[in-house]
Amino acid sequence: MGSSESVEWYSPRDVVTLAVKVMDKIDLDPCWHSDSPVKARHKFTASNDGLSKPWRGTVYLNPPHKTIDLWIVKLIEEYTSGNVKQAVRMTLRSSES
C-alpha cells in the first residue's frame, strides 16, 4: 500500500474489488503505478501525465495527495462534459484529523 520511504499510496485490493462491483469495470486509472492492484483497461502513469489526457468511461482515481486538488478539478470537468460516466476517488485519511 505504501511506506514512509515512498510518496506512493496504493489502494487496498478490497476497495478496488468493491469499486469494480459498483461500476462493473474500470476503464481508466489516470494515476496508475505498476504496484497498483487496479486492473483498468487504460492507464496513465506519472511519466505520461494523466492530467493532460482526456478521460473516458468509468474512472478509478487515487491521485497524488500533494496535487489532489488538480485531479479533483479534472475529474469534475470530465464528468460534467459527459466523458466520465462513473468514478471512484480514493482519499487518504489522516490519523491526525
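Student: Where is H33 found?
Tutor: H33 lies in the loop between β1 (28-29) and β2 (42-43), where strands are DSSP runs of E with at least two residues, helices are runs of H or I with at least four, and both are numbered from the N terminus. Keep in mind that this is a predicted model, in which local features need pLDDT of at least 70, side-chain atom pairs count only at pLDDT 80 or more, and totals for chains, interfaces and linings use all residues. Residues are numbered from 1 along each chain as its sequence is written, and side-chain values use heavy atoms, with hydrogens and water left out.

Student: And what does the side chain of H33 reach?
Tutor: It reaches the backbone nitrogen of D35 at 3.0 Å, a polar contact being a pair of N or O atoms within 3.5 Å, where within protein one must be able to donate a hydrogen and the other to accept it, and residues adjacent in sequence count only if both atoms are side-chain atoms. H33 itself is partly exposed, with a relative accessible area of 24%; buried means under 20%, exposed over 50%, and partly exposed in between (1.4 Å probe, protein chains only).

Student: Switching to Y60, is it buried or exposed?
Tutor: Y60, in strand β3, is buried, with a relative accessible area of 0%.

Student: Which residues does Y60 touch, leaving out those up to four places away in sequence?
Tutor: Among them are V15, V16, A19, I26, L28, V38 and V88, contact meaning heavy atoms within 4.5 Å. S11 is also one of the residues touched, and a polar contact of 2.7 Å joins the side chains of Y60 and S11.

Student: Now the helix: which residues of α1 are buried?
Tutor: In α1 (residues 13-23) the buried residues are V16, A19 and M23. They lie on the same side of α1 because they cover an arc of only 55 degrees around the axis, the arc being that of the directions from the helix axis to the C-beta atoms.

Student: What covers them, and what is on the face turned away?
Tutor: The cover includes β3 (57-61) and β4 (84-89), while the face turned away from the buried side carries the exposed residues R13, D14, L18, K21 and V22.

Student: Last one, what is the mean pLDDT of the chain?
Tutor: The mean is 85, and 85% of the residues reach 70 or more, pLDDT being the predictor's confidence in each residue, from 0 to 100. Over residues 1-6, however, pLDDT stays under 50.
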